[in-house]
Each structure stands twice: as C-alpha cells, then as structure tokens.
Amino acid sequence: MFTGLVQKIGTLSRLAHTGGGWALTVAHEPWSDALTLGESVAVQGACLTASAIGDGWFTAEILDETFQRTALRNFREGARLNLERALALGDRLGGHIVSGHVDETGNLLDARDRGRDIVWRVSCSQTLSRQTVMKGSIAIDGVSLTVSALGGDWLEVNLIPHTLHATSLCDRRPGDALNLESDILGKHVARLLGKDGTSVTEDLLRENGFL
C-alpha cells in the first residue's frame with residue numbers, strides 16, 4: 001500500500017524487453033534508509049518490485065500486462081518518474097490509500113490556470129467515473145489528488161504549484177497518457193451494487209453488515 005505522496009523523482013535509465021517481459025531501471029537520489037531487494041516501489045503509481053538494487057538505482061521487472069495497462073510504455077530514457085516506497089506500519093497517511101494497481105490510462109485533455117492553481121481535465125472510462133465522487137480521491141501518476149469536477153468520461157483536479165513542481169506532473173502536456181487509480185472505497189461500493197443499477201437501500205446495507 002502507498003499514500004500517493006511522492007518521495008523522490010527518479011530518472012529512467014533503461015527500459016528493455018527481456019525474458020518475455022520488460023525490465024525498467026531507475027536512477028534516484030539515495031534514501032536515508034536504503035532500498036532492499038524485493039521491496040515494493042510505486043513508479044508513476046504502478047507498484048513494482050525491486051529485482052536488483054545498487055547505489056542510487058534499482059531495476060524492476062514488468063509483466064507485459066502491466067506494461068500495456070500503464071503509461072510506462074510511453075516513457076523514454078531520461079524521463080522523470082514519481083517514486084514512493086510502500087507504506088510502513090505507523091507511517092502518517094497524508095494522502096489516501098493507494099494500492100499501486102493502475103486501473104487504466106487517461107489522457108490530459110486540458111490544463112488551464114485558475115488563479116494560483118492549475119486545473120487539469122483528464123479523460124477516463126465511465127466505469128472509473130462511476131467509482132469517483134466529488135471531493136473524493138484519485139491517484140494520477142501515483143500522486144494523491146482531490147477531484148474538483150466530474151463528468152461521465154472525464155474528471156478534473158486542481159494542482160497547487162508545490163504539487164506540480166515537486167512531482168513529474170509538471171512534465172505532462174495535453175494529449176499525454178496518465179496512470180489512473182480510483183479510490184479503493186469506490187471500487188468496493190461499485191462491486192457491492194453490482195452491474196444491474198441496484199440502488200443503496202437500508203435493507204441492502206443491513207444485508208451486507210453495515211447496519
């Protein structure tokens with residue numbers, strides 16, 4: 001589990017197809033507490049396992065399914081990447097609970113100024129939109145953000161200057177693909193409701209142990 005608070009910006013050193021999958025090597029400033037072999041690291045919001053580590057770098061193997069589902073396939077050597085180590089028991093939960101399992105990629109449709117902030121409109125599937133609520137949480141490229149507007153196939157978030165420039169989000173331009181992960185609570189509610197349009201009723205909540 002992660003929080004969606006980026007800890008470091010890494011640099012893509014190498015992305016190669018090897019052994020039926022992909023291997024991604026990221027250079028980064030060392031953590032005070034060094035990475036360990038087999039540790040989980042969120043890279044642009046995708047949970048990866050460090051399969052090799054060194055002084056200021058790690059390599060993670062990526063399944064073809066993960067590669068095709070995420071925007072990692074679009075990056076080239078030298079690209080900046082958001083990095084977050086897995087949440088440790090007792091850590092502050094400053095963002096929201098992020099699994100590191102990217103649901104889909106959306107595209108940055110528009111970026112516009114709103115006073116001090118930048119407003120992003122991002123395309124998404126209707127499924128992800130239904131799992132999202134106004135003022136709820138969304139992870140975009142591994143960054144925990146608050147939904148400020150919502151449509152049937154798009155959502156908007158406001159980016160303060162600190163968030164924009166402390167992450168790789170400042171490198172994104174309209175048309176770019178973004179990794180999206182909806183709030184896990186929304187997924188559970190959608191699963192509970194099923195696909196038949198069932199509405200939430202007192203009886204339904206009671207049957208499922210909420211009352």
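Good morning. I begin with a definition: helices and strands here are DSSP runs, numbered from the N terminus, where a helix is a run of H or I with at least four residues and a strand is a run of E with at least two. The structure I shall discuss is a predicted model.

First, the chain as a whole. The chain contains 5 helices and 12 strands. Along the principal axes, its C-alpha atoms fill a box of roughly 55 × 40 × 35 Å. Is the chain as a whole compact or extended? For 211 residues, a compact globule would have a radius of gyration near 17 Å, and the chain has 18 Å, so the value agrees with that of a compact globule. Of the 211 residues, 44% are buried.

Let me turn to the barrel. How many strands form the closed barrel, and in what order do they run? There are 6 strands, in the order β7-β8-β11-β10-β9-β12, with antiparallel pairing. On average, neighbouring strands of this sheet are turned by 45° against each other, with direction ignored.

I shall follow some of the pairings.

Next, β10 pairs with strand β11, residues 154–159, in the antiparallel sense over 3 bridges. A149 finds its bridge partner, E156, in β11.

Now to two residues in loops. D141 lies in the loop between β9, residues 137–140, and β10. Its phi is near 55°, a positive value in a residue other than glycine. Q44 is found in the loop between β3, residues 40–43, and β4, residues 46–54. The phi of Q44 is likewise positive and near 55°, and Q44 is not a glycine.

Is Q44 buried or exposed? Buried means under 20% relative accessible area. Q44 has a relative accessible area of 0%, and therefore counts as buried. D141, with a relative accessible area of 1%, is buried because that value falls under the 20% cut-off.

For contrast, consider G20, in the loop between β1, residues 8–18, and β2, residues 21–27. G20 has a relative accessible area of 52%, and exposed means over 50%, so G20 is exposed. From C-alpha to C-alpha, G20 lies 40 Å from I118, and the two are 98 residues apart in sequence.

My next topic is empty space inside the model. Rolling a probe the size of a water molecule over the atoms shows where empty space is left. How many cavities of 30 Å³ or more does a search of the whole structure find? The search finds 2.

The largest cavity has a volume of about 40 Å³. Its lining consists of Q44, G45, V102, A139, D141, G142, N179, L180 and E181. Strand β12 contributes the largest share of this lining, 3 residues. By class, the lining of the largest cavity divides into 3 nonpolar, 4 polar and 2 charged residues.

The second largest cavity holds about 30 Å³ of space. V6, A42, G45, N82, L83, E84, D141 and G142 line it. Here strand β6, residues 80–85, supplies the largest share, 3 residues. The lining of the second largest cavity has 3 nonpolar, 3 polar and 2 charged residues.

I finish with a pocket. The second largest pocket has a volume of about 190 Å³. It is lined by 14 residues, and G4, L5, V143, S144 and T163 lie nearest its centre. Which elements supply at least two residues each to this lining? They are β10, residues 143–150, and α3, residues 161–165. β10 gives the most, with 4 residues. In this pocket lining there are 5 nonpolar and 9 polar residues, and no charged ones.

Thank you for your attention.

Key. Residues are numbered from 1 along each chain as its sequence is written. This is a predicted model: local features need pLDDT of at least 70, side-chain atom pairs count only at pLDDT 80 or more; totals for chains, interfaces and linings use all residues. Side-chain values use heavy atoms; hydrogens and water are left out. On a 1 Å grid over the protein atoms alone, a cavity is a set of points where a 1.4 Å probe fits but cannot get out, and a pocket is an open set with protein on both sides within 12 Å along at least five of seven lines; lining residues have an atom within 4 Å of a point. Grid points are joined across faces, edges and corners, and a volume is the space filled by probe spheres set on the points. Ala, Val, Leu, Ile, Met, Phe, Trp, Tyr, Cys and Pro count as nonpolar, Asp, Glu, Lys and Arg as charged, and the others, Gly among them, as polar. Two strands pair if DSSP finds at least two bridges between them. Axes are lines fitted to C-alpha atoms, for helices over the stretch in contact, and angles run from 0 to 180 degrees between N-to-C directions. Buried means under 20% relative accessible area, exposed over 50%, partly exposed in between (1.4 Å probe, protein chains only). The radius of gyration is taken over C-alpha atoms; the globule rule is 2.2 Å times the number of residues to the power 0.38.
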